[in-house]
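Let's take a walk through this one together. Have the viewer open and be ready to click on residues as we go.

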Amino acid sequence: MAFFKNIFSPSILAADHAALGEGLRTVLKYNLSWVHLDIMDGNFVPNISFGPQTVKDLRKIDGEIFFDTHLMLVRPDKFVEKFIAAGSQLVTIHVEPNYDVAGTLKKIRELGCLAGISLNPDTPAEKARALLPLVDLVLVMSVFPGFGGQAFIESAIPKIETLAKWRNGGEGNFRIQVDGGIDATTAPRCLAAGADTLVAGTAFFKAHDKPAFIAICRGEK
Ligand code: DX5
Ligand code: ZN
């Protein structure tokens with residue numbers, strides 16, 4: 001049975017975009033091992049965030065923290081190389097657009113990076129099943145991607161349970177990440193369902209007591 005230590009990965013999407021480096025510095029203050037980078041193309045999702053150059057410049061601020069990179073792109077296959085060169089250590093791609101998902105996952109691993117797949121709230125877990133041997137992480141979206149600050153969608157819970165059941169049954173060896181509407185109420189529910197890697201943007205940057213919020217997201221409280 002797979003065992004993963006819980007990880008909290010704050011999203012700097014919720015930081016000031018004129019000072020993203022400050023957002024990263026805030027994360028670094030709390031000695032977190034991961035940071036979540038949300039990349040949006042204005043096509044797969046109705047919003048645009050930032051690109052490989054920004055990732056590369058963020059990498060100059062700190063060379064250690066793990067860059068958990070969530071690509072919300074219609075053609076992630078065209079960009080994985082650029083993000084890996086920029087310093088990403090995990091590249092997560094969505095299964096919904098029309099491109100060679102399996103081939104892109106293989107390419108990510110060949111380039112020495114961890115590979116993840118992401119499922120929108122209305123995409124069934126079955127869509128990930130055949131790909132499980134190719135991935136290090138499955139990202140269950142608990143909002144429709146595009147914006148921070150949205151409410152958690154309940155369909156994520158049974159999907160986490162299904163993925164955890166498959167993983168416990170020996171189908172792959174992947175983390176289960178949840179992204180969207182994670183706060184002090186939804187985080188424990190996701191962990192109880194079998195998730196081990198939680199992303200939060202709004203709730204992290206708004207939290208007055210960040211160490212307490214981090215502990216909740218790691219299941220330590
Ligand atoms: C949504 C992004 C999320 C987002 C989460 O498209 O993938 O990572 O930043 O934001 P919150 O925590 O505000 O829901
Ligand atoms: Zn994300």
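Start at the metal: the site of the zinc ion (ligand 2) is octahedral, with angles of 69 to 166 degrees among its six donor atoms. For six octahedral donors, the ideal angles would be 90 or 180 degrees. Keep in mind that this is a predicted model.

Which residues coordinate the zinc ion (ligand 2)? They are His36 (through NE2), Asp38 (OD), His70 (ND1) and Asp179 (OD), at 2.0 to 2.3 Å. Along the chain, the donors of the zinc ion (ligand 2) follow the spacing H-x1-D-x31-H-x108-D. Distant parts of the chain are linked here: His36 sits in strand E2 (residues 34–40) and Asp179 in strand E7, 143 residues apart. Are those two buried or exposed? Both His36 and Asp179 are buried.

Now bring ligand 1 into view. There are 20 residues around ligand 1, and Asp38, Gly149, Asp179, Gly201 and Thr202 come nearest.

From Asp179, step across to the neighbouring strand. Asp179 stands opposite Val199 in E8, and E7 (residues 175–179) pairs with E8 in the parallel sense over three bridges. To get from E7 to E8, the chain crosses through helix H7 (residues 186–193), and this β-α-β crossover is right-handed. E8 also pairs with strand E1 (residues 7–10), again in the parallel sense, over four bridges. Val199 has a part in this pairing as well, as the bridge partner of Ser9. Which way do the residues of E8 (residues 197–200) point? Thr197 and Val199 go one way, Leu198 and Ala200 go the other, and all of them are buried.

Next, look at another run of strands. E4 (residues 90–94) pairs with E5 in the parallel sense over five bridges, and Val91 has Ala115 in E5 as its bridge partner. Together with helix H4 (residues 101–110), E4 and E5 make a right-handed β-α-β unit. E5 in turn pairs with strand E6 (residues 137–141) in the parallel sense over four bridges; Gly116 has Leu137 in E6 as its bridge partner. How covered is E5 (residues 114–119)? Mostly: five of its six residues are buried.

While you're there, click on Thr92, which lies in E4. Thr92 counts as buried because its relative accessibility is 0%, and the cut-off for buried is under 20%. The C-alpha atoms of Thr92 and Leu163 are separated by 16 Å, and the two residues are 71 apart along the chain.

One last stop is Asn31, in the loop between helix H1 (20–29) and E2. What about its backbone? Phi of Asn31 is near 55 degrees, a positive value in a residue other than glycine. Most residues other than glycine have a negative phi. Asn31 is exposed, with a relative accessible area of 67%.

Conventions: Residues are numbered from 1 along each chain as its sequence is written. Chains are lettered from A and ligands numbered from 1 in the order in which they are written. This is a predicted model: local features need pLDDT of at least 70, side-chain atom pairs count only at pLDDT 80 or more; totals for chains, interfaces and linings use all residues. Side-chain values use heavy atoms; hydrogens and water are left out. Buried means under 20% relative accessible area, exposed over 50%, partly exposed in between (1.4 Å probe, protein chains only). Helices (H or I, at least four residues) and strands (E, at least two) are DSSP runs, numbered from the N terminus. Two strands pair if DSSP finds at least two bridges between them. A crossover is right-handed if, with the strands pointing away from the viewer, the path from the first strand over the helix to the second runs clockwise. Donors are N, O and S atoms within 2.8 Å of the metal (3.2 Å for Na, K and Ca); water is not among the atoms, so sites may look incomplete. Four donors count as tetrahedral if all angles lie between 85 and 135 degrees; four count as square planar and six as octahedral if opposite donors are over 155 degrees apart and all others between 65 and 115; anything else is irregular. A residue is near a molecule or strand if one of its heavy atoms lies within 4 Å of it.
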